[in-house]
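Please look over the sequence and the model shown here. The paragraphs below lead through some parts of it.

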Amino acid sequence: MNGMPHVTHLRSFSLFGLSDIKLLFDDDELNEWDRERALERLSQVNLPAAAATSVIPQIQTDWSPAGQIFFFTLHTTNPAYDPMEMKSIEDWVVEKNFKAVPNIVDVASFGGPTREYQVRVDPDKLISYGLSIGQVEQQLTNNNTNGGGSFIEAGLQQINVREVGLVRNVHDIENTVILAKNGTPLHVKDIAVVSQGPKIRLGQFARSKRLPDGRVVDNDDVVSGIVLLRKGAEADTALKGIHRKIEELNDHILPPGVTIDPLIDRSDLVRFTTNTVLHNLTVGFILVTLVLMLFLGNVRAALIVAITIPFSLLFASICLQLKQVPANLLSLGALDFGMVVDGAIVMVENIVRHLGHQERVTKPIRDRIRDAAHEVQRPVFYAITIIITAYLPIFTLQRVEGRLFRPMAWTVAFALLGAVLFSMTLAPVLASFFFRKETREWENPVIVWMTKIYRQAVTWVVHNRWAMIAVSLAAVACSLWLLQGERIGSEFLPHLDEGALWVRGTLAPSTGPTEGVHLSNQARIILCSFPEVTQCSSQTGRPDDGSDTTSFFNTEYFADLKPKEQWRPAFHQNKDEVIAAMNRELNQLPGVIWNFSQPIADNMEEAVSGVKSQLVTKIYGEDLRVLEDKAVQVVNVMKTVRGIADLGIFRVVGQPNENFIVDREKCARYQINVADVQDAINTAAGGNALTQVLQGEARYDLVMRYLPKFRSTKEAIENIRLLAPTGERVSLGQLCKIEERDEGGEIYREGNERYVPVKYSVRGRDLGGTIEEAIEKVNKGVQLPRGYHMNWEGEYESEKRAEARLFIIVPLTIFIIFLIIYGAFGSAKWACLHLVNVGVARVGGLMALYLTGTHFSVSSGVGFMALFGVSIQTGVIMVEYINQLRSRGMPIVEAAIEGATRRLRPIMMTMLVATLGLLPAALSHEIGSDSQRPFAIVVVGGLIADLAMSIFLLPTFYVWWARPTDHLPPVEEARSVYESGEGAQE
């Protein structure tokens with residue numbers, strides 16, 4: 001698989017009997033082409049001759065780490081159906097029905113014993129009849145076939161001739177003839193016990209439910225399944241199809257008493273998060289509307305502005321559909337209605353103000369509306385263009401962060417594009433219909449009082465500029481102070497609260513099935529004993545089909561949680577405190593390393609790092625024992641780092657193996673081939689599927705093994721006897737040198753190098769500061785041999801990758817914004833003035849993060865980009881108006897004061913609606929609010945500070961920097977401003 005285009009990571013994981021290879025591609029990949037290339041490479045694989053028939057490389061069905069959309073278990077009240085029967089129903093009834101649902105590519109089954117037909121041979125009888133294992137294998141295989149004999153004609157009909165020789169049941173297998181001597185047949189039943197039985201189990205699934213009265217109903221062996229969504233398909237439609245199919249299965253298809261019981265339904269999470277986002281949007285919309293009514297004082301004007309919202313949403317929806325970009329919950333949650341209506345507010349407010357000043361204006365209403373619209377169309381256009389440009393860095397994000405935030409950027413950009421079209425074209429037209437008669441501007445007494453106070457304050461500040469300079473420098477210094485150390489901290493992305501926990505317990509690599517199941521039963525009951533948990537499931541080992549690369553040392557648990565309002569007061573609705581309490585209880589079970597995550601997050605973390613953990617440190621090298629020794633040293637150092645949790649090593653050495661090393665000289669002495677020894681180990685001890693028994697659509701393996709007493713211990717396997725051509729009976733112990741050695745149980749590889757992973761999480765501290773301290777201490781305390789190296793991966797690697805990219809893109813974006821402002825004003829001076837305002841505005845966003853205890857992440861970084869755009873919009877509106885006043889001859893100081901005072905109302909409106917539009921999202925802590933809350937906190941905090949500072953900073957610095965030779969708008973464009981200004985003054 002090396003050298004495939006667009007591959008970013010090539011990983012493999014191997015353990016006894018199973019190897020798994022994963023390829024991760026970059027954002028330019030085409031999924032269908034990637035799978036075709038992988039299949040093409042698979043066809044070139046050359047396996048050893050001995051493994052060619054038993055090792056079959058297969059490509060996984062087409063689903064992504066986020067494709068596990070529905071988990072279920074089978075429940076029965078009918079005593080006729082035991083776990084093995086339920087497993088057959090799962091495999092041959094439920095699975096095929098779910099696959100019939102559009103966009104469902106597979107169903108991963110877990111739990112329950114798989115039925116097979118077992119031929120358990122007595123080796124003593126085998127030897128007494130002079131038979132070899134191969135002879136019995138051949139007869140069982142050859143006597144289970146159908147054949148065709150063409151056809152014959154009978155009258156007008158064609159009648160097909162068929163030989164029906166398939167075995168149908170245990171009786172047919174028992175009566176299969178192995179050989180005949182002197183006319184006496186030897187049947188399979190003469191040398192073996194034939195029955196139906198369970199396949200060697202590689203895992204077990206269990207489920208517990210906590211009843212309202214506190215009792216726990218436990219079932220330690222259930223059949224479960226995971227419904228997998230095709231990569232790139234729409235989950236909502238598929239889930240609706242699954243729900244309809246479940247209703248059909250429960251009512252009409254499954255046997256009486258057997259039902260499908262949902263365990264994890266992705267639609268529940270979608271419903272919770274959608275309700276949270278819609279609630280925040282609704283409250284934001286109401287607050288925005290109230291602000292419009294309060295400031296405009298005109299129902300018709302407020303209605304025109306409010307129409308911007310549905311128009312922009314419709315426009316964005318059409319554009320997203322044309323571009324085939326899915327609008328996710330983050331897209332809707334980050335859509336600030338206040339930001340959307342900003343342009344319309346400026347436009348409609350100016351129209352209302354013009355129509356309200358009638359004393360010295362004789363123009364018709366339509367001409368006055370046109371003049372008012374012409375007066376602000378430039379600042380409106382440039383302001384919204386700058387906001388859209390501020391989102392440019394989001395389009396350059398890669399991988400996980402790019403897939404999350406790019407749809408949001410497209411949604412906001414299209415919505416703002418619709419808003420600017422509405423503001424500049426439809427808003428004036430609607431105003432000409434809504435204001436057919438004279439209208440008078442309502443003088444809000446609060447606004448009048450605020451304007452009067454503001455005029456006095458801004459006049460004082462303009463004449464005492466050093467006070468404003470001092471405040472600005474203090475704001476910059478505060479920003480730098482907040483950025484130092486871990487005052488705010490950093491993380492990659494805020495974790496979406498899924499309302500559940502996914503717990504993993506890792507045992508020693510050599511753990512067997514009995515111990516693994518015993519521990520998982522204990523841990524499941526412990527988790528379900530918490531009143532905050534409604535149900536809990538556990539899985540030990542892996543599914544029988546090998547779709548998960550693990551063994552009995554790995555136990556995983558799903559703990560479904562009640563709403564936080566129903567938790568005990570001691571936890572303060574804090575999930576970390578619940579996790580800490582669970583961890584204390586689980587740590588009473590010795591020899592287990594625990595890890596806490598969430599169902600979807602767990603899959604995503606494994607996809608990012610290649611290890612079942614949120615964060616991982618990988619130590620690369622050749623020798624497994626050296627790697628594990630260095631991993632132990634790393635763990636000892638990391639134990640001293642505050643914030644590190646769930647720390648542990650995925651052990652790769654320590655799996656005891658019973659090695660039967662063939663002695664070729666002894667084999668030659670007894671004329672026994674090495675292949676015969678291998679067959680004895682594979683078939684007699686391990687059991688091989690020779691053929692299949694068909695029962696309708698169901699197919700069950702027919703397996704041959706020795707009776708349990710001849711293979712269940714080391715001594716029994718040593719005594720397995722083979723028949724030499726001379727008739728002598730020879731045991732495996734005579735043919736092999738037997739060694740018991742601790743060897744590699746698992747092998748991790750990435751980039752063609754072996755590695756040992758050290759897994760951990762971060763709780764109670766920011767991710768960036770914690771990992772950086774750990775890196776510093778590990779680099780000082782652990783020395784790696786030559787040829788060995790270490791990587792810090794997982795979310796930390798993603799965070800650093802995103803930071804490095806934004807470090808390049810954000811300055812470039814600021815430069816582009818500078819060019820746009822320069823194009824709007826024709827002056828680098830005013831462009832720099834706007835950037836100074838942006839630099840000061842960031843203090844509010846940083847302070848909001850600090851006060852709320854929110855870490856800096858990609859989400860909050862996106863919030864700063866939006867904040868920069870809105871901050872520049874404020875400056876564009878004010879500075880453009882001041883320049884227009886100066887064009888008509890007003891002195892610099894008077895124009896700055898007058899322009900700032902007249903633009904106070906639209907600036908306050910744009911800032912307040914943008915702030916209040918995201919205030920519900922900033923305050924929300926419901927399920928689904930986590931991803932958008934950092935974004936909203938930055939915008940709300942930043943805009944509050946920006947409103948308080950920019951209305952003083954801009955006129956003060958304007959007067960300081962302005963000169964009589966400044967480039968100003970043409971006189972004709974400013975005439976209406978001057979005329980309306982005379983009316984206002986008069």
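A residue is called buried when its relative accessible area is under 20%, exposed when it is over 50%, and partly exposed in between, using a 1.4 Å probe and protein chains only. By that rule Tyr755, with a relative accessible area of 1%, is buried, and Tyr748, at 7%, counts as buried too. This is a predicted model, in which local features need pLDDT of at least 70 and side-chain atom pairs count only at pLDDT 80 or more, while totals for chains, interfaces and linings use all residues. Residues are numbered from 1 along each chain as its sequence is written, and side-chain values use heavy atoms, with hydrogens and water left out.

Rings of Phe, Tyr and Trp (its six-membered ring) pair if their centres lie within 6.5 Å; planes under 30 degrees apart count as stacked, over 60 as edge-to-face and the rest as tilted. The whole structure holds 21 aromatic pairs. Tyr748 and Tyr755 form a tilted one, with 5.4 Å from centre to centre and 40° between the planes. Ring pairs also link these two with Phe13, Tyr620 and Phe650 into a cluster.

Next come the nonpolar cores, each a set of buried Ala, Val, Leu, Ile, Met, Phe, Trp, Tyr and Cys residues joined through side-chain atoms within 4.5 Å. The largest has 118 residues, and Tyr391, Ile394, Phe405, Tyr454, Val858 and Tyr958 are those with the most contacts inside it. Helix H31 (residues 933-961) supplies the largest share of this core, 17 residues. Helices (H or I, at least four residues) and strands (E, at least two) are DSSP runs, numbered from the N terminus. A second, separate core has 42 residues, including Leu126, Cys667, Phe710 and Val730.

Helix H25 covers residues 767-781. The expected span of a helix is 1.5 Å times one less than its number of residues; for the 15 residues of H25 this gives 21 Å, which agrees with the 21 Å between its end C-alpha atoms. Among its buried residues are Leu767, Ile771, Ala774 and Val778. Contact means heavy atoms within 4.5 Å, and the elements that cover the buried residues of H25 include strand S19 (615-621), helix H20 (624-638) and helix H26 (795-825).

Where is Ser195 found? Ser195 is in strand S10 (residues 192-198), and at 17% relative accessibility it counts as buried. Leaving aside neighbours within four places in sequence, Ser195 is in contact with Glu116, Tyr117, Gln118, Arg120 and Val170.
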